[in-house]
Amino acid sequence: MTVRFDSVLIDWLGYATVRLEGETGAVVYMDPGRYGVLDDYDERDGDLVLVTHGDHYDPDGIRRVAHEDAIVVVHEAVDADEIDRVDEQPEELPYEVERVREDQSFVLGPLDLFTTPAYNEPDGPYTDDDGVPYHPKGEGCGFGVTIDGVCAFWPGDSDVLPAHEELAIDCLLPPIGGAFTMDRHDAADLADTIRPGLVLPIHYNTFAALETDEDAFVVDVAHRGVPVVLETPTQ
């Protein structure tokens with residue numbers, strides 16, 4: 001099922017992979033691939049591909065979504081030498097590759113983009129048995145992208161952070177699986193704080209650790225007076 005929000009079509013393809021398409025034809029993919037979500041997908045229509053951090057860096061997934069003239073934007077900390085499952089650096093991909101830090105704003109053609117911090121707090125609930133955050137500060141980012149006047153925001157693998165609470169966005173794409181990121185309760189609180197025009201949750205039920213009650217999330221957000229919708233993964 002494809003969700004239309006104003007001038008933008010939104011498809012959740014599974015895990016953290018989202019496809020956005022504007023009425024003017026621009027196509028953006030966020031964090032394509034991993035866990036087989038693109039095994040039967042080979043559209044290669046993406047103008048812009050955004051990669052938040054190493055856990056979501058998948059060269060095969062990028063190739064399945066990007067056309068030959070695509071721009072691939074990758075957080076500066078992504079390093080294939082530190083990822084056991086890949087051996088190809090982003091700069092070795094056959095596309096124009098741009099590296100970004102957190103807290104940047106920039107323009108790529110007709111698209112406005114910004115990045116936000118994305119990490120788990122050391123004293124928060126999303127740490128390993130030794131108290132180390134699953135996603136330390138400085139290793140990833142969230143992305144906001146404006147297409148045809150609609151600003152969609154994917155926080156990446158992160159806790160809810162102070163920077164999120166100041167955002168003025170139209171569509172929030174929060175992770176709700178918990179375990180390694182904000183859970184459905186955290187995400188509902190964030191939606192209530194920033195009051196976007198639409199909330200479409202992702203990054204849940206991909207594997208056992210991310211299982212959650214998405215219907216309860218919808219009820220929670222709707223009771224707060226924020227529009228919310230579930231998107232069944234296309235793949």
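Predicted model: local features only at pLDDT ≥ 70, side-chain atom pairs only at ≥ 80, totals over all residues.
1. Strands β9 and β10 (residues 141-147) run antiparallel and are joined by 6 bridges. For an example you can find yourself, look at Thr116: its bridge partner in β10 is Gly142.

2. On to β8, which pairs with β9 (residues 111-117) in the antiparallel sense, over 4 bridges. Here Phe106 has Leu113 of β9 as its bridge partner. The two strands make a hairpin with 2 residues between them, and Gly109 in the turn has a positive phi of about 60°.

3. Is β9 mostly covered or mostly uncovered? Mostly covered: 6 of the 7 residues in β9 are buried.

4. Now zoom out. These strands belong to an open sheet of 6 strands with mixed pairing, ordered β8-β9-β10-β11-β12-β13. At the edges sit β8 (105-108) and β13 (198-199), each pairing on one side only.

5. Next, the helices. The axes of α2 (residues 184-194) and α3 (residues 214-223) come within 9 Å and cross at roughly 25°. Angles under 35 degrees count as roughly parallel, and α2 and α3 are therefore roughly parallel to each other. The crossing of α2 past α3 is right-handed.

6. Which residues meet there? From α2 come Arg184, Ala187, Ala188 and Ala191, and from α3 come Ala216, Phe217, Asp220 and Val221. Sorted by class, this contact has 6 nonpolar and 2 charged residues, with no polar ones.

How values were computed. Residues numbered from 1 in each chain as written. Heavy atoms only, no water. Pairing = 2+ DSSP bridges. Axes fitted to C-alpha atoms, helices over the stretch in contact; angles between N-to-C directions. Parallel < 35°, antiparallel > 145°, perpendicular 65-115°, else oblique. Left-handed = near helix turned anticlockwise from the far one by under 90°. Contact = heavy atoms within 4.5 Å. Nonpolar A, V, L, I, M, F, W, Y, C, P; charged D, E, K, R; others polar. Buried < 20%, exposed > 50% of the residue type's maximum accessible area, 1.4 Å probe, protein only.
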